[in-house]
Each structure stands twice: as structure tokens, then as C-alpha cells.
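Me: I have a structure open and would like to go through it piece by piece. Can you start with the terms and then take my questions?

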Amino acid sequence: MFYNRHPMTNESNTTRREPLIDAKLVQRLAVSDSGFVFDPVSGHSFSVNETGLRILRLLKEGQDLPSAVKALCDEFLGSAADIERDVLEFAGLLRKQFPA
Amino acid sequence: MVTVAISGMNARPDNPGPGVAVARCLREAADLDARIIGFGYDALDPGLYLTDYCDAGYLLPYPSAGDQALAERLEEIHKSDPFDVFIPCLDAELPNVLRIEQQLKKLGVRTWLPSEDQLKLRSKERLNELAAHAEIACPRTRGITQPDFFQRCDDEGWKYPLVVKGVFYDAYVAHSPADAAVAFNHIARTWGYPVLVQEHIKGEEYNLTGVGDGEGGLLGAVMMKKTGLTDKGKAWAGVAVSDQALLDAAQKLIKATRWRGPLEVEVIKSPSGTYHLVEINPRFPAWIYLSAGVGVNLPHALVNLALSRPLPAFGEPRAGTMFIRYALETIVDLGQFESIIVNGVRE
């Protein structure tokens, strides 16, 4: 599956240990229990669903991709590949919302 | 008790003056026992009649009447209704107020304002110079007196859209020479010459307000992202933000000018994340009530500075606090309106 391979190294993404997104950015986000997210620097806000909220909390805890995927596999139904794809897609959306 | 006079009581919903919001901040300031006097220039300035915020209301002569007409009127008001501090809130009146500052001082009226030189330094015509000095990006700005500039500006590297602005107020985005000429004529008729032309920067609008201590320091900055705009491009909704990069930029400007008094820094953040300085206003903005909302009551700080009192204790401004502006009607008794029209005072 496309998302299961790193486009540059052809390695499985789950072997990557670098942060999925800038740690400082994730830490500054204010996240409510209802999934409302506010960035105090840009003033942007958006809301995420239950899964997005869980991913965001894992990212705020500083989890890398393999450990985030493992934690989500324990909590949600779905294959590791699908969950990894969702995590990568979500991280991509966050990067787009908050460019460096 | 201290009596504070505040101008800028105009409050048309699409483009209100800051006076009512400043009065509201002082009304809500803890540890400040203030009587508030509102100054307006038009009998329909609503702040003159808002008894919740202003204990008295007076009309002033228009700025075009000159500094001595203003001095005489303020002296006349001061005789019957003495005030301790004056907070002018409109760009157009500030040159006159600065010229009579010593006369006000003799009356015992305190102010906390920039010098005439500082005022000139932040003028829209000299914005590029100041921005370069403070190492902040700034769109090219030029003062013009003839609309034919718009026909040939392409030869000098000016690309549409352009922003056409008045020296004091008003700004229009022009997408063609025809648009620009219409904006030029309207602004020249209303605000006089020069008319300013500025490169248009695409991005999001952020504003910062604070008070300069006159020694290069910035007190209690409050930052805001506009989240809703009126047809005139004014904020009707905004959210408090906290961005070190914007704060650093404002501090550089304050340091470069050794600004004394209130100010508003207007910037546009381009998609690359660079802040571009588009304007510095030498007064509190109309959204200043947000400063009280985030726990940094800047008008209160200004009154204390003017009276040489210790500054109120400020915490960190609460980022994420929003404001949404709305319009309300106030009921005015015909006798009050008559009194303003005939005597220039709300009785």
C-alpha cells in the first residue's frame, strides 16, 4: 500500500522515529475535550473528531509514528496500515493548517 | 476620584471611533474611581449620550478650526467641568492636541502622548523609512497628488491590486487604474492630499495595541487577529493571539521611535509567515475593549502613567479571548439633543 512505504526510502513508515510534526507547534495548541483546537499564535481554530482528538493528544505527548500507531491499534478497530495512513494524513493536514 | 476626558465618541457600526471603548475600559478598571467626560465632533456621536460610559458629553470644534479653537473650547469646558486627564482618540485631532499640550498642562490636564516628531516618524508617508530602521518588512508606500500616477505606475513597477489610502483614514483596494482613480478622488475630497498608494500584501491581518513608555519600552501589548471584517475592512470580530514574532516587531518599532503614548500596529502576515507593517496608528484602536477582556486594561495603564501612578498589575493576555462587535440603539431625549446642538453640552 502506498502509504505504507516511505516515498524516499521505500522503508515502512512505521520504522520512522522522527516527529510527525513540529513538536513546538503541537505543544502550543490548546485542545479541549470536545475536540476544539485553537492555535494561540495564528488565531486559527478548528475542530477534530474523536479519532483526531486522540491522535492529537498522542502527538502532544511526543509519540512518534510507530508508538502512536500501536496505541491507536489498541484502542480502535482497524488494520495497522489503515491507522498509520490516517495518522500520516492527519499530521499532513496539521502541517498544512500551520505551515512552519 | 479622577476625571478623564476622552474624544472619539463617534461610533457608526461599520467604522466606530475608539472613544466609547476606551471609556468602557475605564469604567471597568478595578481600583480606578473615574468620572468620564466624552468629547465628540458631531451631535450624532452616540458616545455623547451613553450615560453608562460618559458622565458628561461635550462637542469640540472640528480639527480644521485649528489648535487655538480647540484650546479655547477645552479651557471653557475645564472651567465648568474640570478634568485631570485627556485621552485623544482620533488621528486627525492629534496634531492640534500636541500643539496645545503646554496650555493643557497649565490647566492641570495631564496627557500621555507622543511628541510631534514621533508622530511624524510613524506617518504613513514615512512608514518605509521607519520599517527599514526597525528591520521590519513593509510594502512600498508613496504619497501622490495626481491621479494620472495610476495610468503610468506600471512603468515604475507598481502592480495591481494597489491599496489607496488617506493620510488619516480610509483605504481601498484598487484592481485597475479606473478603480484607483475613483478611490483617489474620494479620499482627496475627504481627507485632502497627499493620497497614499501602497503595494497590496496578500495575507491575514493582525493588530497589536500597547502603550509606549517614552523610553523605548512597550507596556502591556495585546495582539489580535481579525476574524470578521466590515465592508470598510474594519474588524467586527477578532481573537486575541500571542505571537512572539509580532511582539518583537512591535518592540523594535517602539524602541526605534521611543514612542510615548498609545498606539496600534497593523500588520499583514504573508503565507510565508513574514509580518509586513502596513500602518501605525497613534492612538488606541476601536477594539481596545478586548484589552480589558484579556486582563490587560491599557486605558487604565495610560491614565496611571499620565498621573504618575504605579501601573496596574497585568497578567499574560488571555489568548483565545474573542470579541464580536454589535450595534445597539440608544434612546436620546430631544432635550439632550437640543442641548448638544445649541450649547455643545449634554445636560
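Reply: Two strands are said to pair if DSSP finds at least two bridges between them. Helices (H or I, at least four residues) and strands (E, at least two) are DSSP runs, numbered from the N terminus. This is a predicted model, where local features need pLDDT of at least 70, side-chain atom pairs count only at pLDDT 80 or more, and totals for chains, interfaces and linings use all residues. Residues are numbered from 1 along each chain as its sequence is written, chains are lettered from A and ligands numbered from 1 in the order in which they are written, and side-chain values use heavy atoms, with hydrogens and water left out.

Me: ok, how many bridges join β1(A) to β2 of chain A?
Reply: Two, and the strands run antiparallel; β2 covers residues 36-38. Within this pair, Ala30(A) is opposite Phe38(A).

Me: And what is the strand order in that sheet of chain A?
Reply: The order is β1-β2-β3, an open sheet of three strands with antiparallel pairing. β1 (30-31) and β3 (45-47) are at the edges with a single partner strand each, so one side of each has no neighbour in the sheet.

Me: Which residues of chain A lose the most area to chain B?
Reply: First the total: about 620 Å² is buried between chain A and chain B, and carbon and sulfur atoms give 54% of it. Buried area is the accessible area (1.4 Å probe) that two parts lose on being put together, summed over both. In chain A the residues that lose the most are Phe38(A), Pro40(A) and Val41(A), together 55% of what that side buries.

Me: How many residues are in contact there?
Reply: Six of chain A with 11 of chain B, where contact means heavy atoms within 4.5 Å.

Me: How many salt bridges are there between the chains?
Reply: Zero between chain A and chain B. A salt bridge is a side-chain nitrogen of Lys or Arg within 4 Å of a carboxyl oxygen of Asp or Glu. Over all chains, the structure holds 24. One of them joins the side chains of Arg85(A) and Asp82(A), at 3.8 Å from N to O. Both residues lie in helix α4 (residues 80-97) of chain A, three residues apart, about one turn of the helix.

Me: Switching to chain B. Which domains is it divided into?
Reply: Domain 1 (2-111 + 329-343), domain 2 (118-122 + 202-324) and domain 3 (140-199). The bounds come from an automatic or database domain assignment. The centres of domain 1 and domain 3 of chain B, taken over C-alpha atoms, are separated by 33 Å.

Me: Is the peptide bond from Tyr160(B) to Pro161(B) cis or trans?
Reply: That bond is cis, with omega near 0°. Pro161(B) is in the loop between α7 (149-152) and β6 (162-165) of chain B. The bond from Tyr193(B) to Pro194(B) is cis too, with omega near -5°. Pro194(B) is in the loop between α8 (177-191) and β8 (195-199) of chain B. Most residues other than glycine have a negative phi, and most peptide bonds are trans.

Me: What is phi of Glu135(B), then?
Reply: Near 60°, a positive value in a residue other than glycine. Glu135(B) is in the loop between α6 (127-133) and β5 (141-144) of chain B.

Me: Last one: what do β6(B) and β7(B) form?
Reply: A hairpin, with five residues between the strands; Asp170(B) in the turn has a positive phi of about 80°. The strands pair in the antiparallel sense over four bridges, β7 being residues 171-174. Lys165(B) is opposite Ala171(B) in β7(B).
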